[in-house]
Amino acid sequence: MLRARAWLNIYPFMIRRQPVSATADHAEERTSLAARLGFQPEQVVQEIGFDDDVDQELREAIEAVIGSELVDEEYDDVADAVVLWFRDDDGDLTDALVDATTYVEEGGAILLLTPKTGRDGYVEASDIAEAATTAGLSQTKSISVGKDWSGSRLATPKAAKSKR
């Protein structure tokens, strides 16, 4: 112990101290996740597939970044982005993605959220890639978005397409 103290007296500048705040860091981490996923202030984000099992912290983080609540499936205009919660037993993923493209503006993004490996409703990564390609979407990013959910950010083509 004496030897360590002597070393610290010689090299005091080597010690780095960083303040720790559990609540501030936690809130910043959630908000930065939504921002890293591409959400921006004042966007209209439509949510599809909401159920009791969704990640509430992610929803709140997205709402914090965009500055408003997520709009639901009844929204009757195009959105800047779509959050699609999808489980293996929700039907055909390709059809769900094609439908989601009608809700999002040209060049917008779809955040496809699926249960992680080993969770009920898990969707194989190869199935996501195949469905995205078939739906005319490009997968730009995959990320863990919570304890139970994985996200795939899918980009819509910028070419002209019909709006709902």
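## Ground rules

Buried means under 20% relative accessible area, exposed means over 50%, and partly exposed is whatever falls in between (1.4 Å probe, protein chains only).

What you're looking at is a predicted model, where local features need pLDDT of at least 70 and side-chain atom pairs count only at pLDDT 80 or more, while totals for chains, interfaces and linings use all residues. Numbering starts from 1 along each chain as its sequence is written, and side-chain values use heavy atoms, with hydrogens and water left out.

## Overall layout

The protein chain has five helices and five strands; helices (H or I, at least four residues) and strands (E, at least two) are DSSP runs, numbered from the N terminus. Going from the N terminus on, the order is α-α-β-α-β-α-β-α-β-β. Of its 164 residues, 37% count as buried.

## Salt bridges

There are four salt bridges in the structure, each being a side-chain nitrogen of Lys or Arg within 4 Å of a carboxyl oxygen of Asp or Glu. One of them pairs E47 with R59 at 2.7 Å, N to O. E47 sits in strand β1 and R59 in helix α3, so the bridge ties together parts 12 residues apart in sequence. E47 is buried at 6% relative accessible area, and R59 counts as buried too, at 14%.

R119 and D148 also form a salt bridge, with their closest N and O atoms 2.7 Å apart. This pair links distant parts of the chain, 29 residues apart: R119 is in the loop between β3 (104-115) and α5, and D148 is in the loop between β4 (138-144) and β5 (149-155). Salt bridges with shared partners also join D53, R87 and D90 into one network. Within it, R87 meets D90 at 3.0 Å between the closest N and O atoms; R87 is buried at 7%, whereas D90 is partly exposed at 39%.

## A loop contact

D55 lies in the loop between β1 (45-48) and α3 (56-66). Its side chain reaches the backbone nitrogen of E57 at 3.0 Å, and D55 is buried, with a relative accessible area of 14%.

## Negative patch

On the surface, D88, D89, D120, E124, D127 and E130 gather in a patch of negative charge. Patches take residues with over 30% relative accessible area and no salt bridge, joining like charges within 9 Å and nonpolar side chains (Val, Leu, Ile, Met, Phe, Trp, Tyr) within 5 Å. D127 belongs to helix α5 (residues 125-134) and is partly exposed at 38%.

How values were computed
Areas by Shrake-Rupley, 256 points an atom, 1.4 Å probe, with all protein chains shown as cover. Lys, Arg positive; Asp, Glu negative; His and termini not counted. Charge placed at Lys NZ, Arg CZ, Asp CG, Glu CD. Polar contact = N/O pair within 3.5 Å; in protein donor to acceptor, adjacent residues only side chain to side chain.
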